[in-house]
Amino acid sequence: DVTEIEEKEAQAKQEEQIMKEQELSNLLHEKRYLKALGLAISLDRPHTVLTVVKAILKEPEGRRQLEENIVRLRKDQKEAVLGFLVTWNTNSRNCHEAQAVMETLLKHEAPDSLLQFSGIKSAVESLLPYT
């Protein structure tokens, strides 16, 4: 009977998820935004990434801090953020944050580098009508 083993694995995953949520909350409270962004991206939580971006932009010098944090992300993390911001951009409440992140990506990534992002074509097609 593997039911007990599966239940233990499910409980372990749930406990790990709760631990990551707590860690994310602590990182935001401590204003360690780069780690918070990385963790939210790894959890595949677009809304949480948006929350982190909003928290950064509320800071004095928020735009500069946002740039510093976005630039320091890995390529795969930037690709994920690009996918998230496409969705954010369609909502007028979140479009300003999406535009801020997009501006940073466009400013700091070479065009050839941007063309290497997975899903860039569909992202651009989705962004054009709303931008």
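The loop between α2 and α3 contains Asp44, a non-glycine residue whose phi is positive, near 55°. Asp44 is exposed, because its relative accessible area of 54% is over 50%. The model described here is predicted. Its chain holds eight helices and zero strands, and 37% of its 131 residues count as buried.

**Loop residues with positive phi**

- Besides Asp44, whose phi lies near 55°, Glu61 has a positive phi, near 65°, although Glu61 is not a glycine.
- Glu61 is located in the loop between α3 and α4.
- With a relative accessible area of 52%, Glu61 is exposed.

**Overall architecture**

- In sequence order, the secondary structure of the chain reads α-α-α-α-α-α-α-α.
- The C-alpha trace spans about 55 × 35 × 25 Å along its principal axes.
- Among contacts in the chain with a separation of 6 or more, 60% join residues 24 or more positions apart.

**The largest nonpolar core**

- In soluble globular proteins, nonpolar side chains tend to be buried together.
- The largest nonpolar core of this chain has 33 residues, and the members that touch the most other members are Leu37, Val49, Leu85, Trp88 and Val101.
- At least two residues of this core come from each of α1 (3–29), α2 (33–42), α3 (46–58), α4 (62–71), α5 (75–89), α6 (95–108) and α8 (120–127).
- Leu85 is in contact with Ala98, Val101, Met102, Leu105 and Leu127, when its neighbours within four places in sequence are left aside.
- Two of the residues named above, Leu85 and Val101, are therefore both among the members that touch the most others, given that contact means heavy atoms within 4.5 Å.

**Val52 in helix α3**

- Val52 belongs to helix α3.
- The relative accessibility of Val52 is 0%, so this residue counts as buried.
- Beyond residues up to four places away in sequence, Val52 touches Leu28, Tyr33, Ala36 and Leu37.
- Leu37, one of these partners of Val52, is also one of the core members that touch the most other members.
- Val52 and Arg32 stand 20 residues apart in sequence, and their C-alpha atoms are 9.8 Å apart in space.

**His47 in helix α3**

- Helix α3 also includes His47.
- Whereas Val52 is buried at 0% relative accessibility, His47 is exposed, with a relative accessible area of 63%.
- His47 and Phe84 are 37 residues apart along the chain, and 8.4 Å separates their C-alpha atoms.

**Packing of α3 against α6**

- On the α3 side, the contact involves Leu50, Val53, Lys54 and Leu57, which meet Glu97, Ala100 and Val101 in α6.
- Sorted by class, this contact of α3 with α6 comprises five nonpolar, no polar and two charged residues.
- Val101 takes part in the α3–α6 contact and is in contact with Leu85.

- A pair of aromatic rings is described by the distance of the centres and the angle of the planes.
- The count of aromatic pairs comes to one, formed by Phe84 and Trp88, with 6.5 Å centre to centre and 40° between the planes.
- This arrangement of Phe84 and Trp88 is tilted, because an angle of 40° falls between the cut-offs of 30 degrees for stacked and 60 for edge-to-face.
- Both Phe84 and Trp88 lie in helix α5, four residues apart, or about one turn of the helix.
- Phe84 and Trp88 are each buried.
- Helix α5 also contains Gln77, which is buried, with a relative accessible area of 10%.
- Not counting residues up to four places away in sequence, Gln77 touches Gly38 and Ile41.

Terms used:
Residues are numbered from 1 along each chain as its sequence is written. This is a predicted model: local features need pLDDT of at least 70, side-chain atom pairs count only at pLDDT 80 or more; totals for chains, interfaces and linings use all residues. Side-chain values use heavy atoms; hydrogens and water are left out. A nonpolar core is a set of buried Ala, Val, Leu, Ile, Met, Phe, Trp, Tyr and Cys residues joined through side-chain atoms within 4.5 Å. Buried means under 20% relative accessible area, exposed over 50%, partly exposed in between (1.4 Å probe, protein chains only). Rings of Phe, Tyr and Trp (its six-membered ring) pair if their centres lie within 6.5 Å; planes under 30 degrees apart count as stacked, over 60 as edge-to-face and the rest as tilted. Ala, Val, Leu, Ile, Met, Phe, Trp, Tyr, Cys and Pro count as nonpolar, Asp, Glu, Lys and Arg as charged, and the others, Gly among them, as polar.
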